[in-house]
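Subject: Structure handover

Hello,

Here is the structure I promised you. Please open it first, then read my notes below.

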Amino acid sequence: MFIITNLASDIFPKIFHIMVTNEAVIEENIKLIPLKTFISTVLLAPIYEEIIFRKNFKEAFSNKWSFSICTGIIFGIFHVLTIAKLIELVYLPIYIYMGITLGIIYYNDNNILSSIKYHMLNNLLTFMIILFF
């Protein structure tokens, strides 16, 4: 999951010459205020997002696939709400894929800490790529 989403996030801007608005803001913040951005994007955001998008919805679904797909779509849409240009929607499948994967992880383990951990790892890898490359 992490390799695919991080590669796609790195390749899309080069191919389409665009960057989704929320990632552009995060990239700018990493360069300006790295510690605060690390705390908010690597530590806090995964906790809040996994509780909001996974834990709160789990009881509403009776099977793994409906749960994972629905919460993945909601997760993806949430991450492109701040788009400045319609072309930024090319990022939507990446976010949906990540959301579905995190949903599967949570559903299989039945432990929100599992999806939080993987979400943090994904955000950490993205943070490190932006900070050092």
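Start at Ile-52, which is found in helix α3 (residues 34-55). Helices here are DSSP runs of H or I with at least four residues, strands are runs of E with at least two, and both are numbered from the N terminus. Ile-52 is partly exposed, with a relative accessible area of 44%. Buried means under 20% relative accessible area, exposed means over 50%, and partly exposed is in between (1.4 Å probe, protein chains only).

Two notes on method. This is a predicted model, in which local features need pLDDT of at least 70 and side-chain atom pairs count only at pLDDT 80 or more, while totals for chains, interfaces and linings use all residues. Residues are numbered from 1 along each chain as its sequence is written, and side-chain values use heavy atoms, with hydrogens and water left out.

The overall picture: the protein chain has six helices and zero strands. Of its 133 residues, 39% count as buried.

Next, the salt bridges. The term means a side-chain nitrogen of Lys or Arg within 4 Å of a carboxyl oxygen of Asp or Glu. A search of the whole structure finds two.

- Lys-31 pairs with Glu-27 (3.4 Å, N to O). Both lie in helix α2 (residues 21-32), four residues apart, about one turn of the helix. Lys-31 is exposed at 55%, and Glu-27 is partly exposed at 23%.
- Arg-54 pairs with Glu-50 (2.8 Å, N to O). Both lie in helix α3, again four residues apart. Arg-54 is buried, with a relative accessible area of 0%. Glu-50 is buried too, also at 0%.

Which residue is buried yet has no salt bridge? Glu-49 is, and the nearest side chain of opposite charge, Arg-54, is 6.1 Å away. Lys and Arg count as positive, Asp and Glu as negative; His and the chain ends are not counted. Glu-49 also sits in helix α3. Its side chain makes a polar contact with the side chain of His-79 (3.3 Å). A polar contact is a pair of N or O atoms within 3.5 Å; within protein, one must be able to donate a hydrogen and the other to accept it, and residues adjacent in sequence count only if both atoms are side-chain atoms.

Last, look at Asn-110, in the loop between α5 (92-109) and α6 (112-132). Its phi is near 55°, a positive value in a residue other than glycine. Most residues other than glycine have a negative phi. Asn-110 counts as exposed, at 55% relative accessibility.

Best wishes
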